[in-house]
Amino acid sequence: MTAPGAEKVVIVGAGPAGIRAAERLVQAGVRPVVIDEGIKAGGQIYRRPPPGFVRSPEQLYGSEARKAVELHTVFDRMAAAGQIDYHPQSSVLTIADDFLQALTPAGRKDFTCDRLILATGAMDRLAPIPGWQAPGVYGLGAAQIALKAQGVALGSRIVLAGSGPLLTLVATQLLKAGAKIAAILDTSSIRNQAAGLPGMLTRPSLVLRGLLMRAKLGRLYHAGVTLDRIETDERGPVGLCWRDACGRAHVTECDMVGLGWHLRAETQLAGLAGCTFDYDESWSQWLPRTDRMGRAAGGLYLAGDTLRILGADGAELAGRLAATACLADMGLASPDATSDLRRLGRYERFARAMARAFPWPGEMVRAVPDDTVVCRCEGVTAGQLRESVIYGGGEANRVKSLVRIGMGRCQGRYCQLAGAELIADTACIRVRDAGRLREQAPARPLPIGLWVRDT
Amino acid sequence: MTSELQPAALGGRIVRLAEKGRPQVRFRLDGADCQALAGDTVLTAVLISASAVRQSEFGREKRAGFCLMGACQDCWLWQEDGGRLRACSTLIADGMQLRTVPPETWP
């Protein structure tokens, strides 16, 4: 039995949640291991450019500059003072009980831990549209990362399509930076968005900021569209075919398409660590089961968007709460969480309203033609998937075995939800009953030579 | 095997909007000399002069990255020595020798 305070805590992820979790542990005298994939801490939303870039925090993070700088400062100070055992550019590949294996710049590294806090964030939630496998089609998040961390636009004539707060935000940021945007196509109708509005008023300043941004997009923005297909040639997209809210067909010329429907929790490691998942109807995805503090199971805690898609502010709170729970479970003094929990509740009401305003395009996915690629990794089509359901049954892991949906390099991160939608539609069952793909280690591809040589 | 992605022939897909004053870095892509800026990821560096990083193994289309955050694994490309690297999370370095197709010595 480990003495109180001598337990080893590992945090995976150094975005807003991971940073606040580390801070709280350090304040209590614990020295956590922090493993993060980034070159510098900050996560995706507060991602920092490599050395040598000169734009100011205000240019990079806009209204969130103060929060970004504060988080970066808190983290860098802990790292410099040796208060955390920090491993940047390192990917956790597998988790089993108290054992983690990671790929670091120096090669393979093994960690043991008594307690584990996963703050692995989220990624773009993608839906397939015909042609989306072409080079030059990216996630909306990718367009934002390219601008923030590299100062570039991913194309010279851009169409952004999908739904969610990121659609308006990325469009605004790209336009401000001088990129050429041909259209911003939102699959959510004005009616949907209005239905979410009352709930979103729990955070009025955010709503106001969003509405102002949206107003500035002017005639580039279209709500309630249906995306038919991306026309492509050898080089990539040449146009996006869509129908407006009145059903009129349009083709918008472009050489880059950014797609995204809000976010999908990055839960690969949570699954490997043994979390239980529930299908959440409002977020239209499987999310890990925890208590209000983020406790999943013995010694396992989750924080941030990997648990609940609340965005950066909610992630900071969730990080503090997970660390507080961890401290309490170690028998150490932990601060009172009442006010953080109250704020978390408010953020959650806001986020659920947001999910309602910018829903997953289930109907569009169910209607994709048979020759649409669903799995970008291996080019598996909707037709192959539907056929496998007819002869093999409507269960996601069976479909994966039969036609490799979810077995490619991304491990189902980008096809799981669309796959489940199509399975459910073909088998006439609910999406939640199509089942959730089981994770398999390694969570990232690895050079096999590193493992062969080491053992 | 020759590459159809010769940088000079096709031109790139990325447009620089800011941060243009960084020092230059030289690398080779499919044997051709290319230039990038210090701090560019390999993905940025390649897509400034080429339209893709490799051919898809499973389809007719080429690949040019997708998520830029290490989740999709779409942007792996070859190095001259046969190793592969993830272009979105690796910074370009002087003298890198990159390939959009496997090296000729590859079995």
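1. In this predicted model, a hairpin of chain A links β5(A) to β6(A) by way of two residues. The two strands run antiparallel and are joined by six bridges, β6(A) covering residues 107-112. Within this pairing, Leu103(A) has Arg108(A) of β6(A) as its bridge partner.

2. Strand β5(A), residues 99-104, also pairs with β4(A), residues 91-96, in the antiparallel sense, here over five bridges. Leu100(A) of β5(A) is the residue that stands opposite Ile95(A). Two residues lie between the strands in the hairpin of β4(A) and β5(A), and Asp97(A) in this hairpin adopts a positive phi near 50 degrees.

3. The largest nonpolar core comprises 177 residues, and the members that touch the most others are Ile117(A), Ala303(A) and Ala322(A). The element that gives the most to this core is helix α9 of chain A, residues 311-329, which supplies 10 residues. As a general remark, nonpolar side chains tend to be buried together in soluble globular proteins.

4. Once its neighbours within four places in sequence are set aside, Ala322(A) is in contact with Ala21(A), Ile117(A), Met293(A), Gly294(A), Tyr301(A), Leu302(A) and Ala303(A). Two of these residues, Ile117(A) and Ala303(A), are named with Ala322(A) among the core members touching the most others.

5. Helix α9(A) contains 19 residues, and the distance from its first C-alpha to its last is 26 Å, close to the 27 Å expected at 1.5 Å a residue. Because 16 of its 19 residues are buried, α9(A) is largely enclosed by the rest of the structure.

6. Turning to the interface, 45 residues of chain A are in contact with 32 residues of chain B. On the chain A side, the elements giving two or more residues are β8 (122-124), β9 (137-139), α4 (140-150) and β10 (152-153). Of the elements on that side, α4(A) gives the most, with six residues. The side of chain A that touches chain B divides by class into 22 nonpolar, 13 polar and 10 charged residues.

7. Strand pairing also crosses between the chains. β10(A) pairs with strand β1 of chain B, residues 15-16, in the antiparallel sense and over two bridges. In this pairing, Arg16(B) of β1(B) is the bridge partner of Val152(A).

Conventions
Residues numbered from 1 in each chain as written. Chains lettered and ligands numbered in written order. Predicted model: local features only at pLDDT ≥ 70, side-chain atom pairs only at ≥ 80, totals over all residues. Core = buried A, V, L, I, M, F, W, Y, C linked by C-beta atoms within 7 Å. Buried ≥ 20, exposed ≤ 12 C-beta atoms within 10 Å, placed from the backbone. Helix = DSSP H or I, 4+ residues; strand = E, 2+ residues; numbered from the N terminus. Contact = placed C-beta atoms within 7 Å. Nonpolar A, V, L, I, M, F, W, Y, C, P; charged D, E, K, R; others polar. Pairing = 2+ DSSP bridges. Expected span 1.5 Å × (residues − 1).
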